[in-house]
Amino acid sequence: MEPKVYVDGELYPKSEAKISVFDHGLLYGDGIFEGIRVYSGRLFRFKEHIDRLYESARIIRLKMPLSREDMDCAVQDTVRANGMRDAYIRLVVTRGAGDLGIDPRKCKKSTLIIIVDKITVYGEELYEQGIPIITSSTRRIRPDMLDQRAKSLNYLNSIMAKIEANIAGAGEALMLDCNGNVAECSVDNFFIVKAGVLLTPGLEFPILAGITRAVVLEIADRLGIPCRECTLTLHDVYGADESFVTGTGAELMPVISVDSRTIGDGRPGPLTAKLLKEFRALHSAEGVDLFA
Ligand code: PMP
């Protein structure tokens with residue numbers, strides 16, 4: 001059966017779901033989005049994702065088409081209509097259809113799209129093997145130019161980095177900020193482990209406040225694993241004992257080399273494996289079953 005896609009209050013079969021070619025989300029990347037997972041019929045960290053969506057809207061001065069309550073219902077009803085107990089939700093809100101100028105005042109009504117589908121970012125075997133990554137020459141945009149903490153439809157910066165990773169045969173691209181410090185990956189946050197301490201760039205850097213990142217820090221805290229949010233350089237990364245990336249799509253993916261420097265012994269480290277196991281245990285137990 002074809003997935004059903006929500007567009008502005010109606011459900012359409014995937015092949016018939018359409019928006020205007022004058023939509024400023026398409027013409028100018030003028031819009032915001034979220035990626036949310038459904039595990040065992042439960043929405044994972046739903047409130048956090050919807051909070052971030054509404055915060056992104058406030059930052060780009062986008063009028064949301066629905067109240068928080070109606071948004072919650074629209075997402076949950078679309079998941080139920082698709083009958084998928086394990087899925088990825090892509091929630092997109094664009095400025096809406098306007099004319100060919102960038103002026104958002106010409107867009108009378110924002111467009112809301114809710115897609116519920118399957119996602120496989122990495123094959124299951126890679127969670128046991130880990131992935132090589134590279135540092136891209138494309139750096140993160142300076143936050144005083146465009147703050148990456150708003151999850152906007154402007155992803156070319158990440159896409160350029162991802163293309164570099166693809167060419168190098170790497171699974172992800174590590175991106176530096178304008179000072180040459182580690183920021184995050186193209187669509188994931190970044191962690192290392194050194195001498196038993198979990199280290200990740202802090203949110204004062206131009207990075208997305210990843211929800212998976214926060215969950216990992218929360219698990220580490222519960223397990224009594226020491227954590228620090230701090231400045232990291234490539235020197236710290238190359239000398240790390242373990243490394244992994246986190247994201248809604250990737251979950252927690254071990255990294256086994258960075259720019260051809262082997263991390264640890266070239267296999268996912270013990271702390272990484274433990275955090276991945278705990279993460280998976282958490283997401284299949286948390287939240288309300290939408291189908292119960
Ligand atoms: N950084 C960027 C640039 C991203 O696009 C994402 C995923 N959307 C992340 C980090 C990870 O965030 P989350 O854990 O909330 O999916």
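This is a predicted model: local features need pLDDT of at least 70, side-chain atom pairs count only at pLDDT 80 or more; totals for chains, interfaces and linings use all residues.
How many bridges join strand S5 to strand S6? Residues are numbered from 1 along each chain as its sequence is written, and side-chain values use heavy atoms, with hydrogens and water left out.

View 1. Among the 16 residues around the ligand (a heavy atom within 4 Å), Lys-151, Tyr-155, Glu-184, Thr-212 and Thr-248 come nearest. An oxygen atom of the ligand lies 2.5 Å from a polar side-chain atom of Tyr-155. A side-chain N or O atom of Glu-184 is 2.6 Å from a nitrogen atom of the ligand. For Thr-248, a polar side-chain atom lies 2.6 Å from an oxygen atom of the ligand. The protein covers 93% of the 390 Å² of accessible area (Shrake-Rupley method, 1.4 Å probe) that the ligand has on its own.

**View 2. The shell around the ligand.** Four nonpolar, seven polar and five charged residues make up this shell; Ala, Val, Leu, Ile, Met, Phe, Trp, Tyr, Cys and Pro count as nonpolar, Asp, Glu, Lys and Arg as charged, and the others, Gly among them, as polar. Helix H6 (211-223) and strand S13 (242-247) each supply at least two of the shell residues; helices are DSSP runs (H or I) of at least four residues and strands (E) of at least two, numbered from the N terminus.

View 3. Six strands follow the order S2-S1-S6-S5-S3-S4, with antiparallel pairing (at least two DSSP bridges between two strands). Strands S2 (10-13) and S4 (42-43) stand at the edges with a single partner strand each, so one side of each is left without a neighbour in the sheet. Seven bridges join S5 (residues 87-94) to the antiparallel S6 (residues 111-117). Thr-94 has Thr-111 in S6 as its bridge partner.

How values were computed:
A polar contact is a pair of N or O atoms within 3.5 Å; within protein, one must be able to donate a hydrogen and the other to accept it, and residues adjacent in sequence count only if both atoms are side-chain atoms.
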